[in-house]
Amino acid sequence: MKIIADSAIPFLEGVLEPYAEVRYLPGRSIAADDVRDADALVIRTRTRCDASLLEGSRVRLIATATIGFDHIDLGWCAARGIRVATAAGCNARGVLQWIGAVLVHLAHTQGWSPAERTLGVVGVGHVGSLVRQYAEAWGFRVLACDPPREEREHCGFLPLEQVAREADLLTFHTPLDASTRHMADAALFRTMKPGAVVINSSRGEVVDGEALAASGLQWVLDVWEHEPQPDARLLDRALLATPHIAGYSLQGKANATAMTVATLGRFFALPLTGWYPPQVVPGTPRPISWEELCRTIGEAYDIEAESRRLKEHPEDFEVLRDRYAYRKEYF
(Lines give C-alpha, C1' and ligand atoms only; values in the text may rest on other atoms or scores of the structure.)
Protein backbone atom coordinates (compact mmCIF):
# COMPACT_ATOMS: atom_id res chain seq x y z
CA MET A 1 0.00 0.00 0.00
CA LYS A 2 1.21 3.51 -0.82
CA ILE A 3 0.19 6.78 0.83
CA ILE A 4 1.03 10.33 -0.29
CA ALA A 5 1.00 12.75 2.65
CA ASP A 6 1.38 16.51 3.00
CA SER A 7 4.75 17.03 4.69
CA ALA A 8 3.36 19.87 6.83
CA ILE A 9 0.92 17.63 8.73
CA PRO A 10 2.41 17.37 12.23
CA PHE A 11 2.95 14.21 14.29
CA LEU A 12 2.31 11.89 11.32
CA GLU A 13 5.77 10.74 10.39
CA GLY A 14 6.48 7.18 11.54
CA VAL A 15 2.89 6.32 12.41
CA LEU A 16 1.84 4.74 9.10
CA GLU A 17 5.22 3.41 7.97
CA PRO A 18 4.81 -0.04 9.58
CA TYR A 19 1.85 -0.66 7.28
CA ALA A 20 2.49 1.33 4.11
CA GLU A 21 4.99 3.10 1.92
CA VAL A 22 4.55 6.76 2.83
CA ARG A 23 5.87 9.61 0.71
CA TYR A 24 5.80 13.13 2.20
CA LEU A 25 5.52 16.11 -0.17
CA PRO A 26 4.67 19.81 0.19
CA GLY A 27 0.92 20.09 -0.26
CA ARG A 28 1.07 22.59 -3.11
CA SER A 29 3.46 20.43 -5.12
CA ILE A 30 1.54 17.13 -5.01
CA ALA A 31 0.95 16.30 -8.68
CA ALA A 32 -0.74 13.66 -10.81
CA ASP A 33 2.48 11.71 -11.31
CA ASP A 34 2.91 11.50 -7.53
CA VAL A 35 -0.53 10.03 -6.84
CA ARG A 36 -0.90 7.74 -9.84
CA ASP A 37 0.10 4.60 -7.91
CA ALA A 38 -1.10 5.78 -4.47
CA ASP A 39 -3.91 4.12 -2.56
CA ALA A 40 -4.60 7.08 -0.26
CA LEU A 41 -3.88 10.79 0.08
CA VAL A 42 -3.43 12.58 3.40
CA ILE A 43 -3.70 16.29 2.65
CA ARG A 44 -4.50 19.82 3.82
CA THR A 45 -6.26 22.66 2.01
CA ARG A 46 -3.27 23.38 -0.22
CA THR A 47 -3.83 20.25 -2.35
CA ARG A 48 -6.64 20.57 -4.89
CA CYS A 49 -8.17 17.13 -5.42
CA ASP A 50 -10.05 16.94 -8.72
CA ALA A 51 -9.84 15.24 -12.10
CA SER A 52 -6.58 16.95 -13.01
CA LEU A 53 -4.88 15.34 -10.01
CA LEU A 54 -6.72 12.04 -9.69
CA GLU A 55 -7.74 10.90 -13.18
CA GLY A 56 -6.12 7.54 -13.91
CA SER A 57 -4.87 7.03 -10.35
CA ARG A 58 -5.74 4.17 -8.02
CA VAL A 59 -6.55 6.45 -5.07
CA ARG A 60 -9.41 5.04 -3.00
CA LEU A 61 -9.31 7.36 0.03
CA ILE A 62 -8.66 11.07 0.55
CA ALA A 63 -8.27 12.03 4.22
CA THR A 64 -7.94 15.77 4.74
CA ALA A 65 -6.58 16.90 8.10
CA THR A 66 -8.84 19.95 7.95
CA ILE A 67 -12.43 20.82 8.73
CA GLY A 68 -12.92 22.33 5.27
CA PHE A 69 -13.45 20.36 2.07
CA ASP A 70 -13.78 23.01 -0.64
CA HIS A 71 -10.38 21.94 -2.02
CA ILE A 72 -11.88 18.56 -2.95
CA ASP A 73 -14.24 17.93 -5.88
CA LEU A 74 -16.68 15.82 -3.88
CA GLY A 75 -18.98 15.05 -6.81
CA TRP A 76 -16.14 13.83 -9.01
CA CYS A 77 -14.75 11.67 -6.19
CA ALA A 78 -18.15 10.20 -5.32
CA ALA A 79 -18.80 9.27 -8.95
CA ARG A 80 -15.57 7.30 -9.00
CA GLY A 81 -15.94 5.61 -5.63
CA ILE A 82 -13.23 7.63 -3.87
CA ARG A 83 -14.02 8.01 -0.18
CA VAL A 84 -13.43 11.48 1.29
CA ALA A 85 -13.06 12.09 5.03
CA THR A 86 -12.46 15.35 6.90
CA ALA A 87 -11.36 16.15 10.45
CA ALA A 88 -14.52 18.12 11.22
CA GLY A 89 -14.44 19.72 14.66
CA CYS A 90 -10.74 19.07 15.25
CA ASN A 91 -9.75 22.71 15.77
CA ALA A 92 -12.97 24.22 17.09
CA ARG A 93 -11.41 25.28 20.38
CA GLY A 94 -8.38 26.69 18.63
CA VAL A 95 -10.69 28.98 16.64
CA LEU A 96 -12.61 29.79 19.83
CA GLN A 97 -9.34 30.94 21.43
CA TRP A 98 -8.60 33.09 18.35
CA ILE A 99 -12.08 34.64 18.59
CA GLY A 100 -11.50 35.29 22.30
CA ALA A 101 -8.27 37.11 21.51
CA VAL A 102 -10.01 39.18 18.82
CA LEU A 103 -12.86 40.20 21.12
CA VAL A 104 -10.56 41.16 23.99
CA HIS A 105 -8.40 43.24 21.63
CA LEU A 106 -11.41 45.05 20.21
CA ALA A 107 -12.93 45.66 23.64
CA HIS A 108 -9.68 47.20 24.89
CA THR A 109 -8.91 49.29 21.81
CA GLN A 110 -12.47 50.44 21.14
CA GLY A 111 -13.48 50.89 24.76
CA TRP A 112 -16.54 48.70 25.20
CA SER A 113 -17.69 45.81 27.39
CA PRO A 114 -19.51 42.68 26.18
CA ALA A 115 -22.83 43.85 27.63
CA GLU A 116 -22.69 46.80 25.21
CA ARG A 117 -22.28 44.72 22.07
CA THR A 118 -24.35 42.37 19.91
CA LEU A 119 -22.38 39.53 18.33
CA GLY A 120 -23.81 37.89 15.22
CA VAL A 121 -22.66 34.29 14.65
CA VAL A 122 -23.14 33.00 11.11
CA GLY A 123 -22.77 29.23 10.97
CA VAL A 124 -23.57 27.30 14.15
CA GLY A 125 -21.60 24.10 13.67
CA HIS A 126 -18.60 22.84 15.64
CA VAL A 127 -16.98 26.28 15.89
CA GLY A 128 -20.00 28.55 15.81
CA SER A 129 -21.72 26.61 18.59
CA LEU A 130 -18.72 27.13 20.87
CA VAL A 131 -18.45 30.81 19.97
CA ARG A 132 -22.12 31.28 20.70
CA GLN A 133 -21.92 29.45 24.04
CA TYR A 134 -18.85 31.28 25.33
CA ALA A 135 -19.87 34.70 24.02
CA GLU A 136 -23.22 34.46 25.81
CA ALA A 137 -21.38 33.53 29.02
CA TRP A 138 -19.05 36.52 28.51
CA GLY A 139 -22.07 38.82 28.42
CA PHE A 140 -22.61 39.50 24.73
CA ARG A 141 -26.06 39.58 23.22
CA VAL A 142 -25.68 36.82 20.64
CA LEU A 143 -27.76 36.38 17.49
CA ALA A 144 -27.28 33.17 15.50
CA CYS A 145 -27.83 32.38 11.83
CA ASP A 146 -27.56 28.94 10.21
CA PRO A 147 -30.03 28.48 7.33
CA PRO A 148 -29.31 24.76 6.68
CA ARG A 149 -29.69 23.86 10.36
CA GLU A 150 -32.78 26.05 10.67
CA GLU A 151 -34.39 24.25 7.74
CA ARG A 152 -33.57 20.83 9.19
CA GLU A 153 -34.02 21.42 12.90
CA HIS A 154 -36.15 24.57 13.37
CA CYS A 155 -33.79 25.89 16.05
CA GLY A 156 -35.05 29.45 16.01
CA PHE A 157 -32.00 30.79 14.18
CA LEU A 158 -32.50 34.15 12.52
CA PRO A 159 -32.18 35.20 8.86
CA LEU A 160 -28.76 36.47 7.83
CA GLU A 161 -30.03 39.96 6.97
CA GLN A 162 -31.56 40.42 10.44
CA VAL A 163 -28.42 39.26 12.22
CA ALA A 164 -26.25 41.54 10.06
CA ARG A 165 -28.54 44.51 10.65
CA GLU A 166 -28.45 44.18 14.45
CA ALA A 167 -24.84 43.03 14.97
CA ASP A 168 -21.99 45.24 16.14
CA LEU A 169 -19.67 42.33 15.39
CA LEU A 170 -20.46 39.73 12.73
CA THR A 171 -18.38 36.54 12.75
CA PHE A 172 -18.47 33.85 10.05
CA HIS A 173 -18.05 30.12 10.76
CA THR A 174 -19.47 28.48 7.65
CA PRO A 175 -18.07 25.96 5.19
CA LEU A 176 -17.45 27.18 1.65
CA ASP A 177 -19.90 25.96 -0.95
CA ALA A 178 -22.18 27.43 -3.59
CA SER A 179 -24.57 28.76 -0.95
CA THR A 180 -21.90 30.52 1.13
CA ARG A 181 -19.53 31.89 -1.53
CA HIS A 182 -19.73 35.69 -1.20
CA MET A 183 -22.66 35.40 1.22
CA ALA A 184 -21.15 38.52 2.81
CA ASP A 185 -21.50 40.86 -0.15
CA ALA A 186 -22.14 44.53 -0.86
CA ALA A 187 -25.88 44.17 -0.30
CA LEU A 188 -25.33 42.61 3.12
CA PHE A 189 -22.75 45.23 4.10
CA ARG A 190 -25.21 48.01 3.28
CA THR A 191 -27.58 46.66 5.93
CA MET A 192 -24.94 46.77 8.69
CA LYS A 193 -24.40 49.48 11.30
CA PRO A 194 -21.77 52.12 10.52
CA GLY A 195 -18.56 51.03 12.22
CA ALA A 196 -19.62 47.40 12.61
CA VAL A 197 -16.83 44.81 12.51
CA VAL A 198 -16.79 41.84 10.10
CA ILE A 199 -14.79 38.87 11.44
CA ASN A 200 -13.93 35.97 9.14
CA SER A 201 -12.09 32.82 10.16
CA SER A 202 -14.02 30.40 7.93
CA ARG A 203 -12.93 30.61 4.28
CA GLY A 204 -11.77 33.70 2.43
CA GLU A 205 -14.33 33.42 -0.35
CA VAL A 206 -17.25 33.58 2.10
CA VAL A 207 -16.63 37.35 2.16
CA ASP A 208 -16.52 39.42 -1.02
CA GLY A 209 -13.22 41.20 -0.49
CA GLU A 210 -13.83 43.90 -3.09
CA ALA A 211 -17.16 44.77 -1.49
CA LEU A 212 -15.69 44.73 2.01
CA ALA A 213 -12.89 47.10 1.02
CA ALA A 214 -15.48 49.55 -0.35
CA SER A 215 -17.99 49.12 2.48
CA GLY A 216 -16.86 51.62 5.09
CA LEU A 217 -17.03 48.87 7.72
CA GLN A 218 -14.19 47.52 9.87
CA TRP A 219 -12.83 43.99 9.72
CA VAL A 220 -10.67 41.31 11.28
CA LEU A 221 -9.55 38.57 8.88
CA ASP A 222 -7.76 35.28 9.26
CA VAL A 223 -8.79 33.96 5.83
CA TRP A 224 -8.49 35.74 2.51
CA GLU A 225 -9.56 35.44 -1.08
CA HIS A 226 -6.64 34.53 -3.35
CA GLU A 227 -4.46 33.12 -0.56
CA PRO A 228 -1.56 33.30 -0.10
CA GLN A 229 -1.66 36.77 -1.69
CA PRO A 230 -4.06 38.77 0.50
CA ASP A 231 -5.58 41.97 -0.91
CA ALA A 232 -3.26 44.79 0.18
CA ARG A 233 -6.19 47.12 0.90
CA LEU A 234 -7.84 44.62 3.21
CA LEU A 235 -4.55 43.78 4.89
CA ASP A 236 -3.48 47.36 5.49
CA ARG A 237 -6.81 48.47 6.94
CA ALA A 238 -7.61 45.35 8.96
CA LEU A 239 -7.98 45.87 12.70
CA LEU A 240 -6.24 42.50 13.01
CA ALA A 241 -4.87 40.26 10.26
CA THR A 242 -3.58 36.69 10.60
CA PRO A 243 -2.37 34.13 8.00
CA HIS A 244 -5.14 31.48 8.09
CA ILE A 245 -4.07 30.10 11.48
CA ALA A 246 -7.15 30.68 13.65
CA GLY A 247 -7.44 26.96 14.30
CA TYR A 248 -3.71 26.34 14.67
CA SER A 249 -3.65 25.14 18.26
CA LEU A 250 -1.38 22.30 19.38
CA GLN A 251 -4.36 20.20 20.42
CA GLY A 252 -6.29 21.08 17.27
CA LYS A 253 -3.44 19.86 15.07
CA ALA A 254 -3.05 16.72 17.20
CA ASN A 255 -6.79 16.08 16.94
CA ALA A 256 -6.70 16.49 13.15
CA THR A 257 -3.83 14.06 12.72
CA ALA A 258 -5.41 11.56 15.13
CA MET A 259 -8.72 11.72 13.27
CA THR A 260 -6.92 11.24 9.96
CA VAL A 261 -4.98 8.24 11.28
CA ALA A 262 -8.23 6.77 12.62
CA THR A 263 -9.83 7.15 9.19
CA LEU A 264 -6.93 5.32 7.52
CA GLY A 265 -7.05 2.63 10.19
CA ARG A 266 -10.76 1.96 9.67
CA PHE A 267 -10.58 2.08 5.88
CA PHE A 268 -7.59 -0.22 5.51
CA ALA A 269 -8.21 -2.33 8.66
CA LEU A 270 -4.98 -1.21 10.33
CA PRO A 271 -4.38 -1.60 14.10
CA LEU A 272 -4.45 2.14 14.84
CA THR A 273 -7.57 2.48 16.99
CA GLY A 274 -7.19 5.12 19.69
CA TRP A 275 -3.86 6.51 18.44
CA TYR A 276 -3.09 10.07 19.58
CA PRO A 277 0.23 11.94 19.33
CA PRO A 278 2.08 10.90 22.50
CA GLN A 279 3.94 14.22 22.71
CA VAL A 280 0.70 16.23 23.09
CA VAL A 281 -1.46 16.55 26.20
CA PRO A 282 -5.11 16.66 25.09
CA GLY A 283 -7.01 19.84 25.89
CA THR A 284 -9.26 20.12 28.93
CA PRO A 285 -12.29 22.22 28.01
CA ARG A 286 -13.58 24.48 30.78
CA PRO A 287 -15.60 27.65 31.24
CA ILE A 288 -13.67 30.91 31.43
CA SER A 289 -15.02 34.26 32.56
CA TRP A 290 -14.57 37.45 30.56
CA GLU A 291 -12.41 38.84 33.35
CA GLU A 292 -10.11 35.82 33.33
CA LEU A 293 -9.98 35.84 29.53
CA CYS A 294 -8.88 39.48 29.56
CA ARG A 295 -6.16 38.70 32.12
CA THR A 296 -4.77 35.60 30.44
CA ILE A 297 -5.29 35.62 26.67
CA GLY A 298 -2.37 37.93 25.91
CA GLU A 299 0.12 35.59 27.52
CA ALA A 300 -1.38 32.56 25.79
CA TYR A 301 -1.70 34.21 22.38
CA ASP A 302 -0.29 37.58 21.29
CA ILE A 303 -2.59 38.25 18.35
CA GLU A 304 -1.40 41.85 17.99
CA ALA A 305 2.19 40.75 17.40
CA GLU A 306 1.02 38.15 14.92
CA SER A 307 -0.98 40.76 13.04
CA ARG A 308 2.03 43.09 12.87
CA ARG A 309 4.20 40.32 11.43
CA LEU A 310 1.77 39.64 8.60
CA LYS A 311 1.20 43.32 7.83
CA GLU A 312 4.94 43.99 7.72
CA HIS A 313 5.71 40.91 5.62
CA PRO A 314 2.66 39.88 3.56
CA GLU A 315 4.96 38.06 1.17
CA ASP A 316 5.66 35.59 4.00
CA PHE A 317 1.99 34.53 4.32
CA GLU A 318 2.70 30.88 3.51
CA VAL A 319 5.91 30.77 5.53
CA LEU A 320 4.18 32.20 8.59
CA ARG A 321 1.47 29.59 8.20
CA ASP A 322 3.68 26.57 7.55
CA ARG A 323 6.18 27.40 10.31
CA TYR A 324 3.58 28.41 12.85
CA ALA A 325 4.30 27.78 16.55
CA TYR A 326 1.06 26.09 17.57
CA ARG A 327 -0.77 27.69 20.50
CA LYS A 328 -1.76 25.60 23.51
CA GLU A 329 -5.45 25.50 24.30
CA TYR A 330 -6.18 26.47 27.88
CA PHE A 331 -9.98 26.59 27.87
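**Entry 1: strands β8 and β9**

I started with one pair of residues. In β9, the bridge partner of L169 is V197. I then looked at the strands around that pair. β8 covers residues 169-172 and β9 covers residues 197-200. Four bridges join β8 to β9, and the two strands run parallel. I note here that the model is a predicted one.

**Entry 2: the open sheet**

Next I asked which order the strands of this sheet take. The order is β7-β6-β8-β9-β10-β11. Six strands form the sheet, it is open, and the pairing is parallel. I then checked the edges. β7 (141-145) and β11 (240-241) stand there. Each has a single partner strand, so one side of each is left without a neighbour in the sheet.

I moved to β4, which covers residues 61-64. Which way do its side chains point? L61 and A63 point one way, while I62 and T64 point the other way. In a regular strand the side chains alternate between the two faces of the sheet. I also checked burial, and all four of these β4 residues are buried.

Then I looked for the partners of β4. Strand β3 (residues 40-43) is joined to β4 by four bridges, and they run parallel. V42 has A63 as its bridge partner in β4. Strand β5 (residues 83-85) is joined to β4 by three bridges, again parallel. A63 turns up here too, with A85 as its bridge partner in β5. From β4 the chain crosses through helix α3 (residues 74-79) to β5. I recorded this β-α-β crossover as right-handed.

**Entry 3: the largest pocket**

How much space lies in the largest pocket? I wrote down about 950 Å³. Its lining has 49 residues, and the closest to the centre are I67, G68, H173, T174 and P175. α6 gives the most, with four residues. By class, the lining divides into 20 nonpolar, 19 polar and ten charged residues.

**Entry 4: the second largest pocket**

I looked up the second largest pocket next. Its volume is about 320 Å³. Of the 16 residues that line it, T45, R46, D70, H71 and E205 are the closest to its centre. I counted the classes as well: two nonpolar, six polar and eight charged residues.

**Entry 5: helix α11**

I checked its length. At 1.5 Å a residue, its 19 residues should span 27 Å. The end C-alpha atoms are 27 Å apart, which agrees. Is α11 enclosed or open to the outside? Of its 19 residues, 14 are buried, so α11 is largely enclosed by the rest of the structure. A269 follows α11, and the phi of A269 is positive, near 55 degrees.

**Entry 6: two histidines with positive phi**

I kept looking for positive phi values. H154 has a phi near 55 degrees, positive in a residue other than glycine. H154 lies in the loop between α6 and α7 (160-166). Its relative accessibility is 63%, so H154 counts as exposed, the cut-off being over 50%.

H182 also has a positive phi near 55 degrees, and is likewise a residue other than glycine. I found H182 in the loop between β8 and α8 (186-191). At 29% relative accessibility, H182 counts as partly exposed. That value falls between the cut-offs of 20% and 50%.

P228 lies in the loop between β10 (218-221) and α10.

I finished in α10 itself, which covers residues 232-237 and holds R233. R233 is partly exposed, with a relative accessible area of 36%. I also compared R233 with L212. They are 21 residues apart in sequence. In space they are 9.9 Å apart, C-alpha to C-alpha.

Methods
Residues are numbered from 1 along each chain as its sequence is written. This is a predicted model: local features need pLDDT of at least 70, side-chain atom pairs count only at pLDDT 80 or more; totals for chains, interfaces and linings use all residues. Side-chain values use heavy atoms; hydrogens and water are left out. Buried means under 20% relative accessible area, exposed over 50%, partly exposed in between (1.4 Å probe, protein chains only). Two strands pair if DSSP finds at least two bridges between them. A crossover is right-handed if, with the strands pointing away from the viewer, the path from the first strand over the helix to the second runs clockwise. On a 1 Å grid over the protein atoms alone, a cavity is a set of points where a 1.4 Å probe fits but cannot get out, and a pocket is an open set with protein on both sides within 12 Å along at least five of seven lines; lining residues have an atom within 4 Å of a point. Grid points are joined across faces, edges and corners, and a volume is the space filled by probe spheres set on the points. Ala, Val, Leu, Ile, Met, Phe, Trp, Tyr, Cys and Pro count as nonpolar, Asp, Glu, Lys and Arg as charged, and the others, Gly among them, as polar. The expected span of a helix is 1.5 Å times one less than its number of residues.
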